[in-house]
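Trainee: Could you walk me through this fold? I would like to learn how to read its features one at a time.

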Amino acid sequence: MGVKHGRDYGEILQDLTKAVSLIPDSYLFFEMDSEDWERLGGEERLEVHEALAEDLFYALGTQPSIDVGSAVVIHDSILHRINILIGEKQMTFVPLI
């Protein structure tokens with residue numbers, strides 16, 4: 001089902017793809033190791049990040065936070081956005097409205 005949103009889904013997915021690409025070890029979500037990740041080309045990495053963004057968008061509709069490598073992705077239903085955090089530091093967020 002995904003999270004409730006007012007923005008165009010395509011725009012949210014594009015922004016979320018960019019956001020998860022900032023997570024240095026995002027590949028761990030798919031149980032890849034660093035060697036597998038390093039072997040991927042730029043287009044292949046983009047495809048992995050797009051798949052990750054889609055998975056997160058839908059999973060955050062049922063659970064409020066998901067670990068992605070060294071980051072945590074959190075659905076903030078009050079501010080209507082998806083936050084990406086590493087430790088206590090907010091890396092970025094994606095607005096849903």
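**Aromatic rings, core and sheet**

Mentor: Start with one side chain. Tyrosine 9 is partly exposed, at 24% relative accessible area. Keep in mind that this is a predicted model.

Trainee: Is phenylalanine 57 buried or exposed?

Mentor: Phenylalanine 57 is buried, with a relative accessible area of 2%.

Trainee: How do I read the rings of tyrosine 9 and tyrosine 58?

Mentor: Take the distance between centres, then the angle between planes. Here the centres are 6.1 Å apart and the planes stand at 50°. Planes under 30 degrees apart would count as stacked and over 60 as edge-to-face, so the pair of tyrosine 9 and tyrosine 58 is tilted. Tyrosine 9 belongs to helix H1 and tyrosine 58 to helix H3, so this pair ties together parts 49 residues apart in sequence. Tyrosine 58 is partly exposed, at 37% relative accessible area.

Trainee: How many aromatic pairs are there?

Mentor: The count comes to five. One of them joins tyrosine 9 and phenylalanine 57, edge-to-face, with 5.0 Å centre to centre and 70° between the planes. That pair also links distant parts of the chain, with tyrosine 9 in H1 and phenylalanine 57 in H3, 48 residues apart. Tyr9, Phe57 and Tyr58 form one aromatic cluster.

Trainee: What sits over the ring of phenylalanine 93?

Mentor: The charged end of arginine 81 does, 4.1 Å from the ring centre.

Trainee: Now the interior. What should I expect there?

Mentor: In soluble globular proteins, nonpolar side chains tend to be buried together. In this model, the largest nonpolar core has 20 residues. Those with the most contacts inside this core include Leu16, Leu56, Val73 and Ile84. At least two core residues come from each of H1 (9–20), H3 (42–59), S1 (65–68), S2 (71–76) and S3 (81–86). H1 gives the largest share, five residues.

Trainee: Which residues does leucine 56 touch, leaving aside neighbours within four places in sequence?

Mentor: Leucine 56 is in contact with Leu16, Val20, Phe29, Ile66, Val68 and Val73.

Trainee: And the sheet? What is the order of its strands?

Mentor: The order is S1-S2-S3-S4, an open sheet of four strands with antiparallel pairing. S1 and S4 (89–95) are the edge strands, each pairing on one side only. Neighbouring strands are turned by 20° against each other on average, direction ignored. Six bridges join S2 to S3. Valine 73 stands opposite isoleucine 84 in S3.

Trainee: Where does H1 pack?

Mentor: H1 packs on the sheet, touching S3 and S4. The direction of H1 makes about 165° with that of S4.

Conventions. Residues numbered from 1 in each chain as written. Predicted model: local features only at pLDDT ≥ 70, side-chain atom pairs only at ≥ 80, totals over all residues. Heavy atoms only, no water. Core = buried A, V, L, I, M, F, W, Y, C linked by side-chain atoms within 4.5 Å. Buried < 20%, exposed > 50% of the residue type's maximum accessible area, 1.4 Å probe, protein only. Contact = heavy atoms within 4.5 Å. Phe/Tyr/Trp six-rings, centres within 6.5 Å; stacked < 30°, edge-to-face > 60°. Lys NZ or Arg CZ within 6 Å of the ring centre and 35° of its normal. Pairing = 2+ DSSP bridges. Axes fitted to C-alpha atoms, helices over the stretch in contact; angles between N-to-C directions.
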